[in-house]
Amino acid sequence: MTSVLRVEGGHPLIGTITVRGAKNFVPKAMVAALLGDTPSELRNVPLIRDVDVVSDLLGLHGVHVDFDQSRGVMCLEPTNVELARRSDIDALGGASRIPILFCGPLLHRLGEAFIPELGGCNIGGRPIDFHLEILRKFGANVEKRPDGIHISRPAEGLRGTVVDLPFPSVGATEQTLLTAVRAEGNTTLRGAAVEPEIMDLINVLQKMGAIIAVDTDRTIRVEGVDHLQGYRHTSLPDRIEAASWASAALATGGDIHVLGAHQPDMTTFLNTFRKVGGAFDIDSEGIRFYHPGGELKSIALETAVHPGFMTDWQQPLVVALTQASGLSIVHETVYENRFGFTKALRKMGAKIQVYKECLGSTPCRFGQRNFLHSAVISGPTPLHAADITVPDLRGGFSHLIAALAAEGTSNVAGIDVISRGYEHFLTKLRQLDARVEYSESVRA
Ligand code: EPZ
């Protein structure tokens, strides 16, 4: 079955929506519950596919997960953790990258772990070399086999270590944290990611009894402890979803009040949004993003790790840049292949050219390696409707924004991908007066 959304574009998105817990935090906090000797409670949990996948995976490992979807409250009972059947894990393979973060907790609890085929958006190679190297440094035995990666704990248990990350990888930082908190002795992690989602995971681990310090030079120090208890925690809001709706307001000439949006997590996005010509009002409930009229202005933008402009904010904003006057330049420095979505935008009339050069002030890992990781966007260009297919999660939301901004009626196929990271997005579109019609057609 192919999910298709018919979108009648050319109408501004106007109204109020709510964003709940962050897609790139909640599943990690769920995995952290594996480390606790007692149950945990997580609040502000969104109803998204990534949460479902991790709930299922935890269930396969004997964790009882009770999720009150309407209240967004999840209880996790990890007392009877057990090894899952491989066939069951394989069935969930390819659905997410989160399974790799089960390794540390399972090695502590059961002495072994298995990594199935991982999922995640097709925006680059998505290697896991940092993760495997980190687990080896803790003393784990990592064995790559044809069916997946088998990992086992040494007889003397996992021991604290020193990790120097070649790049501030979010996943590798999480891998280190989830393993170090119960390892014997101290762990030093240098070159760590310090995104708000990482800091909220540290909040959770500290509530469980962990001892973690974060220095200003991206060094994280962990003192291993013997036992951790369950936590009660409310997730930070999803700053990527909030920024996606903000970009949709700009691209459609709309006005969207995003309840739950949190200014401190979005400082860099708000600066860029203002420089492009967007306006925002911050109140106690969230942030109102709107197009104040007049021209949008082109900009030169470079994505970076926190506190820079987040790579996941880039794709939705590029659609708004097609409506800005002049030439905008975007240099994507986190992923090597994150402009695939621009093909559909060009089909709708956008003038976007991609380059293998680093078109930004700082040369990045992808310069001169034939990765098309810089883009030049010329605007404003009127977008016209087209039949398009969603390539990945954030690119998919960008396609949705483009269809909403374009004149005419577009058919956006594969729209269900968006439910991986955007809770109730069809309901929210209707709350914003979008003229959309969802259908499922048998694959042609
Ligand atoms: C997380 O992915 C997020 N996903 C991504 O969001 C986000 O874009 C990314 O962090 C960067 O902020 C989740 O949290 C589920 P990385 P992750 O490890 O952890 C390289 C979305 O749409 N690398 O920080 O997989 C990697 O190739 C998604 O919500 C290695 O080389 O990202 C990339 O170039 C997309 N070896 C860079 O590091 C490794 O072992 C950053 O990746 C691991 C990563």
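This is a predicted model: local features need pLDDT of at least 70, side-chain atom pairs count only at pLDDT 80 or more; totals for chains, interfaces and linings use all residues.
The protein splits into domain 1 (2-19 + 237-442) and domain 2 (26-234). A search of the whole structure turns up 19 salt bridges, and 2 of the salt bridges counted run between domain 1 and domain 2.

**How the two domains meet**

- Going by C-alpha atoms, the centres of domain 1 and domain 2 sit 30 Å apart.
- On the domain 1 side, 23 residues are in contact with 22 residues of domain 2.
- Between them the two domains bury about 1,900 Å², with 53% of that on carbon and sulfur atoms.
- Within domain 1, the residues that lose the most area to domain 2 are Val305, His306 and Arg420, which together make up 35% of what that side buries.
- As for polar contact, 8 residue pairs link domain 1 and domain 2, counting pairs with both residues at pLDDT 80 or more.

**Salt bridges around aspartate 50**

- Arginine 420 forms a salt bridge with aspartate 50, and their closest N and O atoms are 3.0 Å apart.
- Aspartate 50 also forms a salt bridge with lysine 23, where the closest N and O atoms are 3.6 Å apart.
- Lysine 23 belongs to the loop between β2 and α1 (26-32), while aspartate 50 is in helix α2 (residues 49-60), so this pair ties together parts that lie 27 residues apart in sequence.
- As a bit of background, side chains of opposite charge can pair when their charged atoms come close.

**The four-stranded sheet**

- An open sheet is built from 4 strands in the order β2-β14-β16-β15, with mixed pairing.
- The edges are taken by β2 (14-18) and β15 (279-282); each has a single partner strand, so one side of each has no neighbour in the sheet.
- On average, neighbouring strands of this sheet are turned by 15 degrees against each other, ignoring direction.
- β15 pairs with strand β16 (residues 286-290) in the antiparallel sense, over 4 bridges.
- Phenylalanine 280 has phenylalanine 289, in β16, as its bridge partner.
- Helix α8 (residues 239-252) packs on the sheet, where it touches β2, β14 (255-259) and β16.
- The direction of helix α8 makes about 170 degrees with that of β14.

How values were computed
Residues are numbered from 1 along each chain as its sequence is written. Side-chain values use heavy atoms; hydrogens and water are left out. Two strands pair if DSSP finds at least two bridges between them. Helices (H or I, at least four residues) and strands (E, at least two) are DSSP runs, numbered from the N terminus. Axes are lines fitted to C-alpha atoms, for helices over the stretch in contact, and angles run from 0 to 180 degrees between N-to-C directions. Contact means heavy atoms within 4.5 Å. Domain bounds come from an automatic or database domain assignment. Buried area is the accessible area (1.4 Å probe) that two parts lose on being put together, summed over both. A salt bridge is a side-chain nitrogen of Lys or Arg within 4 Å of a carboxyl oxygen of Asp or Glu. A polar contact is a pair of N or O atoms within 3.5 Å; within protein, one must be able to donate a hydrogen and the other to accept it, and residues adjacent in sequence count only if both atoms are side-chain atoms.
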